[in-house]
Amino acid sequence: MAWTNEQLLLLRCGLLVAALSMSGMALAQSVVNVKDQQIAGPTDPAQFPSWLKAMKEWRTQKLAAIGYDPKNYDRVEFAWTRTSFIQPQMMVEDRFFYDVASGRNTVSKYLEDAKKRYGGIDSILIWPTYPNIGVDDRNTDDMIRSLPGGIPGVRQMVKDFQKAGVRVLFPIHPWDVGTRDPVKPWGAVLPETMKEIGADGLNGDTMYAVTPDYLENADAIGHPLVLEPEIGLQGKIEELGWNLMSWGYWNTDDSIPMVSTNKWLEPRHMVHICDRWATNKTNIIQDAFFNGVGIETWENVWGIWNGLTDRDCEAIRRVSAIEHQFSGFLSSADWEPHTPTLQKGVYASKWPGQNGGTLWTMINRGDVDLSGAQISVPYQPGLHFDDLWHGSEIQPEISGNHALLSFPIESRGYGAVLATRGNAPKMLGLSSKPLKDFSQANVILKQTLTPIPATVPVAETPEGMVKIPGANFDFEVNGIEIEGEDMVGLDVQYPWESEPRRAHKHIIDIKSFYIDKYPVTNAQFKQFLAASRYKPKDSQNFLKDWKGGTFAAGWATKPVTWVSLEDARAYAKWAGKRLPHEWEWQYAATGPEKRIYPWGNDWDPAKVPAVLKTGTLCSPAPVEDSSGASPFGVMDLVGNVWQYTDEFSDDHTRAAILKGGSRYQPQGSAWYFPQAYRLDQHGKYLLMAPSKDRSGMVGFRCVKDSS
C-alpha cells in the first residue's frame, strides 16, 4: 500500500500514529471481504491495523466454526508440500518426457529443460488422460496403465522423478463415469494404483475439494497421499484439513494484490497459482511471491504450447530461489500481508521467523522503476538488513525504533529484505540483469507435417480400391478441440499456413489416386502378419481384442483396431500403399459437391452403425454394413471407427489427424474426446507411444498413387 509524501515525512520522525490520532483519523473497523479463494486487502494505509485485526479475528472464528484439525499438516511425510513451490502439469505426450524412437522415458531431459529455463521444479502433475480419454472405454486408471511399460514402467518413471527430488501426482477425474466401470469407487481405486506406482499425491481435476475417502483409503493401505483440488477449496473451507495443496485460479488483475484464503487460514497450505491460457505470467508470479505460495508452470496445454516467456522464466527462477532458501519464513503463523510500504504501487508481506529474524517479500505493481526509501520496519540494535534480490547489505536510516530501508525495485518487479541478528546468507547473482531486459514475447511453435512417401504408381484400379480423379479441391476443415477457442497455436499448421489454428481453408491440387473402399479389416491385417511376420517393438495393447493370435469368430470383416500409427504404416508399406493425407481422405468422402456427410448434407443415422453409449467398449461393425457411400462409392467413412491420416509435430507434441468419428460415445461428461462425423471436421489425437496410442476405436484405410 502507498503512503503520501506527508505521511512518509511523519514516519521518518516516528510520528505517524500520533498524527493520525491528533487529526481524528479513526482506524475504522475493517470488514473481511472474501472473494472465493482470495481476500481483498486494505485500500488505504490507515486501514491496515484494523484490517489486520479483523483478518485475525475472522480466521479464529472460521477455524473454530469448522472444528479445524491441523494434524495432517503436522505429519512428517507431508512436510514436502511446504517447499513445493514450482509444479508443472505435464502432458505425457510431451516429447521432452518421452522419446518414441528409443521407446524410453526421458525424465532427465524434461527436468534439465525446466532447470535451464526457469530453475527447476519441486513436484509434477503427470497427465495421461484428457483430451484423448473417451476415444474408447479406457478409464482414468486404464490410461495410466496404458503408459509405456505398464505398471512397472510407470513405477520406474515415478522413481526417476523422485530420485531428482521431484514429487509426483496423478489426476482424479470425478466426471469419468461413462467409460469402463472401475467396479470400486475412485476413492479406493486410485489410492491403490498410486501405491503400485509409488506416486506421492492426487490432483482433483474439476474438484473444489478432494473428498476425505481418498486420504482415508490411502492411509489404510499404508501409502499416504497428498491431495490437491483444482478449484482450490473455493467454498469448501471445512475441507482444508486434508487438502494440503490446492490450485489457485485467482483474480490477478487487481492493482492491489489479493490474499490467499487458504494460506491465511493455514499458513502451511501450499497453493499453485494457475492461469494456463495467459501469455504473460507476471501477475501470477507477483501474487505468488506476495503470498509466499507456488506457481503452476503449465506450458503444454492439451498439446498446445503456451510457453513461458524469457522474462517470466527468469522471474520464476529468482522468486523460486528466494522462496526455497527462506521457506521456513513463508509458513509463519504471524504472516502480515499488506504490511505498509512507502511508495505507490509497492506491496509487501511480512514474515516473522525464529530468533528475531524477519523476511519481507515485495512486489511493484507499477510500470515505473522505483528507488529510494521503500519500507520502514521495526528496529532493535544488532539487526542487519539484507537486500536479497540484489545480494547486498542495506544501510538503514535509523529513527528511534524504526529503520528506513532504501533499495531499487524495477517496474513490475520484486524485492526481498531479510532482517537478522547475524550475517545472513545473501542471494547473489539474481539481478545482475534487470528483468526488463528479458523478452516478454510469446513464441508460437511451428508445426511440421510428417511426409508420406509416394507409392509406386499404377494405371489400373487395384482390387478393393476406388479411383478418385484429380481435382482442385477447396479443402476446408475445423478442429474439434473442446478448449482453446480460436487462439493462435490451437489445432495444427498445414504447410501453407504460418501458424497452427483451428480453422483451415485452402485450394489443393489433388492428383488422381486410389483409396480402399473399406477400412482395413481384421482378416486383411492377419494376412499382413502372416506374410511379413511383423512384430512391433512396443507390443503393449497391440491387437488387444484378439486372442491367441487371431480375431474372434465373426470379426473377419470388422475394421482392425488396437493398432498404432506405426502399425498402420507398416501394413500400408507391406501392401504397397500408404496412409492418405487428410485432404485426400476428405475429398474421397465429400466429393466435388463438398457434402457434409458422405451421402449428402443431412445426417441419417440409418446409414451408419448404431451408436453405442454403454461404458464397455463395443466392437466395430462389419465394414459391409455401411450404406452411406460417398459420391465416388467409398464406404464406411463415418460413424464406425476413427481413421488415421496425417501426423503433425512441433518441438513438444505429436498428433495424428483422425477422421470420421466412431460409434462409441461415452456418456455423462463433456470432457470426453469429441466426435467429428462431419467431413469438414477432424479430431486431433495426441500421440505418445504405441502402447498408449492404440485404441479400440481407431483404425485406418490406405491409398495408392495413380500413374
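In this predicted model, glutamate 476 has a relative accessibility of 32% and therefore counts as partly exposed. Its salt-bridge partner is lysine 594, and the closest N and O atoms of the two are 3.3 Å apart. Glutamate 476 belongs to strand 28 (residues 471-479), while lysine 594 sits in the loop between helix 14 (582-590) and strand 31 (642-649), so the pair ties together parts that are 118 residues apart in sequence. Lysine 594 is likewise partly exposed, at 32% relative accessibility.

**Salt bridges**

Side chains of opposite charge can pair when their charged atoms come close. The model has a count of 36 salt bridges. Three of them are set out below with the separation of their closest N and O atoms.

| Salt bridge | Closest N and O atoms |
|---|---|
| Glutamate 196 with arginine 145 | 2.5 Å |
| Lysine 594 with glutamate 476 | 3.3 Å |
| Arginine 595 with glutamate 593 | 3.1 Å |

For the salt bridge of glutamate 196 with arginine 145, the closest N and O atoms are 2.5 Å apart. Glutamate 196 is part of helix 7 (residues 186-197) and arginine 145 part of helix 5 (residues 140-145), so this pair ties together parts that are 51 residues apart in sequence. Both residues are partly exposed: glutamate 196 has a relative accessible area of 34%, and arginine 145 has a relative accessibility of 29%.

The salt bridge between arginine 595 and glutamate 593 has its closest N and O atoms 3.1 Å apart. Arginine 595 counts as buried because its relative accessibility is 18%, under the 20% cut-off. Glutamate 593, by contrast, counts as exposed at 53%, a value over the 50% limit. Through shared partners, salt bridges also join Asp474, Glu476, Lys505 and Lys594 into one network.

**Packing of helix 4 and helix 11**

Helix 4 (residues 107-118) packs against helix 11 (residues 310-325) at an angle of about 90°, and their axes are 7 Å apart. An angle of 65 to 115 degrees counts as roughly perpendicular, and helix 4 and helix 11 are therefore roughly perpendicular to each other. Helix 4 contributes Lys115, Lys116, Arg117 and Tyr118 to the contact, and helix 11 contributes Cys313, Ile316 and Arg317. By residue class, the contact of helix 4 with helix 11 holds three nonpolar, no polar and four charged residues.

Definitions and conventions
Residues numbered from 1 in each chain as written. Predicted model: local features only at pLDDT ≥ 70, side-chain atom pairs only at ≥ 80, totals over all residues. Heavy atoms only, no water. Salt bridge = Lys/Arg side-chain N within 4 Å of Asp/Glu carboxyl O. Helix = DSSP H or I, 4+ residues; strand = E, 2+ residues; numbered from the N terminus. Buried < 20%, exposed > 50% of the residue type's maximum accessible area, 1.4 Å probe, protein only. Axes fitted to C-alpha atoms, helices over the stretch in contact; angles between N-to-C directions. Parallel < 35°, antiparallel > 145°, perpendicular 65-115°, else oblique. Contact = heavy atoms within 4.5 Å. Nonpolar A, V, L, I, M, F, W, Y, C, P; charged D, E, K, R; others polar.
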